[in-house]
Amino acid sequence: MTRVAATRASLQGRHPVAAVDERELADDPIAQLESWLADARRAVPLPEAMTLATSTPDGRPSGRVVLLRGLDERGLVFFTNRESRKGEELRANPRAAVVLHWWELGRQVRAEGAVEQVSAEESEAYWRTRPLASRLAAWASPQSRPLASRAELEARVAEQAARFGDGDVPLPPHWGGYRLLPATFEFWTHRDDRLHDRVRYVRAGGGWRRERLAP
Ligand SMILES: Cc1cc2nc3c(=O)[nH]c(=O)nc-3n(C[C@H](O)[C@H](O)[C@H](O)COP(=O)(O)O)c2cc1C
């Protein structure tokens with residue numbers, strides 16, 4: 001058996017989650033995502049890891065993993081360096097797609113929509129929860145720019161540590177949160193027969209319209 005075939009075989013029957021019956025899904029996809037995240041927190045080491053796709057205005061896409069750090073009726077929040085590649089792409093084209101995948105649960109969630117910066121107060125509140133080393137790293141790292149060496153990065157961290165000393169390490173002007181304002185969601189559940197369940201939510205009027213998609 002090839003390695004791929006062996007992996008496929010080991011996947012068979014390993015997903016404990018039952019099929020998605022639309023009637024069991026919440027009317028509100030944010031509530032549904034909160035419910036699946038709660039399940040994932042009991043099953044997966046890093047349930048908030050999500051792939052974030054952005055693109056240039058002329059349609060060159062890029063993707064990377066970020067952490068989902070906030071979720072409410074407005075949307076999904078993540079934090080980053082606003083001068084990073086993703087930050088530059090979001091400045092020029094403020095739209096994104098995210099994907100959360102929990103293999104252990106056989107579930108995937110997709111969301112797409114416009115992106116806005118969160119308020120300075122919201123970035124500040126999250127910043128205060130970050131450990132000192134993470135705060136110094138955010139000051140020291142010119143995220144997504146070329147570095148001459150690892151030593152250069154370490155020297156930059158030492159420089160920032162010396163600069164702030166025992167004092168406060170404030171929120172850098174180039175760092176903060178973004179909120180994806182979802183226009184669509186999709187909830188996907190694995191089925192061993194490959195006829196996976198897919199339910200899409202689309203904003204309609206003040207609420208959401210739901211439809212089943214072919215796998
Ligand atoms: C599990 C995981 C979580 C991550 N979380 C974040 C995050 O919350 N914010 C962030 O800026 N980068 C995060 N990263 C690093 C990004 O994937 C990426 O390397 C970085 O943001 C630079 O991306 P860019 O050059 O496309 O802007 C994470 C990476 C991994 C693997």
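**Aromatic cluster, ligand shell and a buried glutamate**

Trp 36, Phe 185, Phe 187, Tyr 201 and Trp 208 are joined into a cluster by ring pairs. The model is predicted. Across the structure, 10 aromatic pairs are found. One of them is formed by Phe 187 and Tyr 201, whose ring centres are 5.4 Å apart. Their planes stand at 70 degrees, over the 60 degrees required, so the pair counts as edge-to-face. Phe 187 belongs to strand S7 (residues 175-189), and Tyr 201 belongs to strand S8 (residues 197-204). The pair therefore ties together parts that are 14 residues apart in sequence. Phe 187 and Tyr 201 are both buried.

Aromatic rings also take part in contacts with charged side chains. Arg 82 lies over the face of Tyr 178, at 5.4 Å from the ring centre. Arg 163 is placed over the face of Trp 139, with a distance of 4.6 Å to the ring centre.

The ligand is surrounded by residues from several parts of the sequence, including Leu 46, Arg 64, Phe 79, Lys 86 and Ser 144. Also in this shell are Val 65, Val 66, Leu 67, Thr 80, Ser 84, Arg 85 and Gln 143. By class, the shell comprises five nonpolar, four polar and three charged residues.

For Lys 86, a polar side-chain atom lies 2.6 Å from a ligand oxygen. For Ser 144, an N or O atom of the side chain is 2.6 Å from an oxygen atom of the ligand. For Gln 143, the distance from a polar side-chain atom to a ligand oxygen is 3.1 Å. Taken alone, the ligand exposes 620 Å². Of that area, the protein buries 63%.

Strand S2 gives the most, with four residues.

A further polar contact lies within the protein. Glu 48 is placed in the loop between helix H2 (29-43) and strand S1 (49-55). The relative accessible area of Glu 48 is 17%, which is under the 20% cut-off, so the residue counts as buried. The side chain of Glu 48 is joined to that of Arg 41 by a polar contact of 2.8 Å.

Definitions and conventions: Residues numbered from 1 in each chain as written. Predicted model: local features only at pLDDT ≥ 70, side-chain atom pairs only at ≥ 80, totals over all residues. Heavy atoms only, no water. Near = heavy atom within 4 Å. Polar contact = N/O pair within 3.5 Å; in protein donor to acceptor, adjacent residues only side chain to side chain. Areas by Shrake-Rupley, 256 points an atom, 1.4 Å probe, with all protein chains shown as cover. Helix = DSSP H or I, 4+ residues; strand = E, 2+ residues; numbered from the N terminus. Nonpolar A, V, L, I, M, F, W, Y, C, P; charged D, E, K, R; others polar. Phe/Tyr/Trp six-rings, centres within 6.5 Å; stacked < 30°, edge-to-face > 60°. Buried < 20%, exposed > 50% of the residue type's maximum accessible area, 1.4 Å probe, protein only. Lys NZ or Arg CZ within 6 Å of the ring centre and 35° of its normal.
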